[in-house]
Amino acid sequence: MILYELIDFDTLRVIWWALLGVLLIGFALTDGFDMGVGALLPFVAKTDVERRVVINTVGPVWEGNQVWFILGGGAIFAAWPPLYAVSFSGFYLAMFVVLAAFIVRPVAFKYRSKRDSATWRNSWDWALFAGGAVPALLFGVAVGNVLLGVPFYLTEDLMPMYPGNFASKFVGLLRPFAVLAGIVSFAMLLMHGAAWLNLKSEGLVAERARSIGQKAGIVAMVGYAIAGLWLMIGVQGFALGEVAANGPSNPLYSDVSRDGSWLAAYGARPWIVIAPIMGFVGMALTLRGLSAGREVSTLLWSKLGITGVISSVGLTMFPFILPSTLDPKSSLTVWDASSSHQTLFIMLVVTAIFMPLILAYTAWVYKVLWGKVTEADVTHNSDTVY
Amino acid sequence: MELDVVELSRLQFAMTAMYHFLFVPLTLGLSILVAIMETVYVMTNRPIWRQMTKFWGTLFGINFVLGVATGITMEFQFGMNWSYYSHYVGDIFGAPLAIEGLMAFFLEATFVGLFFFGWDKLSKVQHMVVAWLVAIGSNFSALWILIANGWMQNPVGAAFNPDTMRMEMTSFAEVLFNEVAQAKFVHTVSAGYVTASVFVLGVSALYLIQSRHKDLARRSIAVASAFGLASALSVVVLGDESGYSASHTQKMKLAAIEAMWHTEPAPASFTLVGFPDQETRETHYAVHLPWAMGLIGTRSLTEEIPGINELVEEAEHKIRDGLIAYDALMTIRADRTGVAPEIRETFEAHSANLGYAMLLKRYVDDPRDATEAQIKMAADDTVPGVAPLFWAFRIMVGLGFAFIGVMAFFFVRASFYNMQFPRWSLYAAVAIIPAPWIAAELGWFVAEFGRQPWTVDGVLPTALSASHLSVMDLLITLAGFVTFYSILFVIEISLMVKYIRKGPYLDVAETEAWQARHEHRLRTHDGQGPFARADVANPAE
């Protein structure tokens, strides 16, 4: 247990904050294109064979990709229990809608081509559309709400409370800034899905994907820029008072005030400007790649853009994870919402062992499946593919 | 907090968990059976085994996807519906769930796509390895989930931290090697193996009844009955192990399952059947088997097993002890930094029973204000519903023994009677297909209902664990789940039926090529040529 002594509690907290970001980015980069492809499906593919081509580009990998989402949930539970408790129950009905999307999507992939009826297949195609589009939109809305602050407070027993009736809580999520964030995330994942189809399909499907992907990319860039300006002038930030970075995980022990702007972070830590730059550059080069028809590099640029956008949110808010509008003192931060020193350490060891393995075998699987999915692939293996 | 929200949250958890567990046991067992079949294919090169792998693999896939989809609900429901639970024990309970993702679920989900899509892209051996990785991943998943669940039954390696108002891990090794978790893991995966074996056996029997795909059906029965027999024995042995560990970790659950109202002189008798009456605390028309309970529960002739009445008295003492801890906790909370060290010592000395004091929160806001009558009521609350546990347990055990008989019968016929199965036994095999699911669901019912009134035994009462939601929130999601899950269930069953009717996918070209290679050694003694098609080939008849 020498290592355990070596890594301080506050260091571990920062590592786990970064790992939380890695998981969210991992989810957006992998399952993100599945969602984008799902949302693009009815528009880039018209005939049954075309649709099967689109579905089969993600057919063998969506299941592994979705685990990023599940692992994200598990890791938040293990490393940031208060965040898990507050956010999942606070966004209750929105979480249910996301859950429904994530239940219907696997089933749609697997069952769609198992019957020959046009109605059957068409219904599942729209299920795939909803299963991709709805979470893509709602994840952005959730991030927007986190930036605005969420109306919850903690009792002395640390029970999360959310005043207000159920309808206002659900509709209340749709504040203008949050909706904008939702549009950015939706457009960004559409672009990512298009970059994937550009790589994995050919002909008309790829062409339509490139065309929609470029439009989506423009929307994402403009929306991201507006959101930045909005944060500068229209959104009040949060500021953390004195706090012991390695103190006990009890959010009520810290003082939080509401003044200034989130963007003050760029004054305090100028280097974080690299994140929004990555976002803009990545998205811009994705656009150029899509219009020029470049394949591998376009997908990589898209990944860079998404990484930049997501990390810009985290870096801007640091050390806040989930600020509370109702009772700023209850806000969850990196310094007061983590698991215990011991648990964070054990989880780090486990992650250090298994994450490289996961990346290695996932890379191997993608390598085995390398190459475009063609119409001939689908018609010749009609019984075995989706 | 409304009691209604707690009850509705419990209903939702029970419903979604039991629904999830319709798919899990088949995944656990079928993944291994399919991997075994593919291994035989790689070893013998016989196309029939490849067909079997693909056929059972297709059914595995239809089932697997719903297991995955409904599993997401389970992971997210803790935070959605049980947020106080999540805060209170997340430091311990979250870890195995996250490790499950890292170690097991990534493995099975990444390779399951390759299993279905990789037939032409991988070598035979590679594909077989992929099948085994899926099977190993699924089974490791179960390990971590049961470590998490085992901790709820027997919360070792953790202590309450007054500064963070939650349980925190003190020893990961204790959580990992929790005896309850270990016994439960083997018991549960074995139950999954039995489920898959009964499923394969039943579907194959159906084919034999219909005189279709006999070659595939016979071989499948041979594999399933051997695997099923070993697993059925393992389920019972490890079930017994669970009972033994419950005798020192979850005394109340054990007493409730056995409807043991009073402590009996050792060795206690086992009540075979009877009608437990919760009000009067006695069992009517009970038929006893002398000594059996004492032997099973304690594996000794002299150790006593405490009865329910004695355990309620013990709970009352624990409540009073927990109140000392609660009082100290409130003092610490009032002035965290300035509190006298003796107060913290008092808290440490009594904190093991803090959960018992929390039982009073159902009746009063501040447990310290509880009246004598309320303390008695809280102590009585520690008794779970005896009759449902008593019966659920007996049906489960009965079915468990029946599976040993069924599997042994088919194993003997397959091994020593030239694969000849009497017609009645084939009908019986089809008829019992649902039985393992009933046994598995009852098993979970006994485990979870028997733990009430706790979510974490002795640590956190169920009544305190739920989120601060409105009844309307719960009704909306409950209605959503019921509708959604019902539709998916109908679709799943209809696809299963469709693909069972359709039968195996015949790869004619490969079969013929293989036969041409092996023509010389396939001639049968009655002069007929080697079987031309796998589904009509039947050298045994």
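Y285(B) is found in strand β4 of chain B, which covers residues 282-289. The model is a predicted one. The phi angle of Y285(B) is near 50 degrees, a positive value in a residue other than glycine. Most residues other than glycine have a negative phi, and most peptide bonds are trans. Y285(B) has 7 other C-beta atoms within 10 Å, and 12 or fewer count as exposed, so Y285(B) is exposed.

A second residue of chain B with a positive phi is H213(B), where the angle is near 45 degrees and the residue is again not a glycine. H213(B) lies in the loop between α6 (179-209) and α7 (214-249) of chain B. Is H213(B) buried or exposed? With 24 other C-beta atoms within 10 Å, and a cut-off of 20 or more for burial, H213(B) is therefore buried.

M165(B) also takes a positive phi, near 55 degrees, in the hairpin of β1(B) and β2(B), which has four residues between the strands. Strand β1(B), residues 158-161, pairs with β2(B) in the antiparallel sense over four bridges. Within this pairing, A159(B) stands opposite E168(B) of β2(B). R166(B) and E168(B) point one way from β2(B), while M167(B) and M169(B) point the other way, and all are buried.

The model also has cis peptide bonds. In chain A, one joins F318(A) and P319(A), with omega about 5 degrees. P319(A) sits in the loop that runs between α13 (296-317) and β5 (320-322) of chain A. In chain B, a cis peptide bond joins Q452(B) and P453(B), and omega is about 10 degrees. The loop that holds P453(B) lies between α16 (435-449) and β5 (454-456) of chain B.

Taken as a whole, chain B has 19 helices and six strands. Its radius of gyration is 27 Å, close to the 24 Å that the globule rule gives for 541 residues, so chain B is as compact as a globular protein of that length. Along the principal axes, the C-alpha atoms of chain B fill a box of roughly 95 × 50 × 40 Å. Of the 541 residues in chain B, 52% are buried. Among contacts in chain B between residues at least 6 apart in sequence, 77% join residues at least 24 apart.

The two chains meet in a contact that takes 63 residues from chain B and 64 residues from chain A. On the side of chain B that touches chain A, α2 (47-81), α3 (83-117), β2 (166-169) and α18 (471-502) each supply at least two residues. Which of these elements gives the most to that side? It is α3(B), with 24 residues. By class, the residues of this side of chain B divide into 36 nonpolar, 19 polar and eight charged.

One place where helices of the two chains meet involves α5(A), residues 81-90, and α2(B). Two packed helices are described by the angle between their axes and the distance between the axes. The axes of α5(A) and α2(B) come within 6 Å and cross at roughly 85 degrees. Angles of 65 to 115 degrees count as roughly perpendicular, so α5(A) and α2(B) are roughly perpendicular to each other. From α5(A), residues Y84(A), A85(A), F88(A) and S89(A) meet F76(B), G79(B) and M80(B) of α2(B). The contact of α5(A) with α2(B) has five nonpolar, two polar and no charged residues.

Technical notes:
Residues are numbered from 1 along each chain as its sequence is written. Chains are lettered from A and ligands numbered from 1 in the order in which they are written. This is a predicted model: local features need pLDDT of at least 70, side-chain atom pairs count only at pLDDT 80 or more; totals for chains, interfaces and linings use all residues. Two residues are in contact if their C-beta atoms, placed from the backbone, lie within 7 Å. Ala, Val, Leu, Ile, Met, Phe, Trp, Tyr, Cys and Pro count as nonpolar, Asp, Glu, Lys and Arg as charged, and the others, Gly among them, as polar. Two strands pair if DSSP finds at least two bridges between them. The radius of gyration is taken over C-alpha atoms; the globule rule is 2.2 Å times the number of residues to the power 0.38. Axes are lines fitted to C-alpha atoms, for helices over the stretch in contact, and angles run from 0 to 180 degrees between N-to-C directions. Angles under 35 degrees count as roughly parallel, over 145 as roughly antiparallel, 65 to 115 as roughly perpendicular and the rest as oblique.
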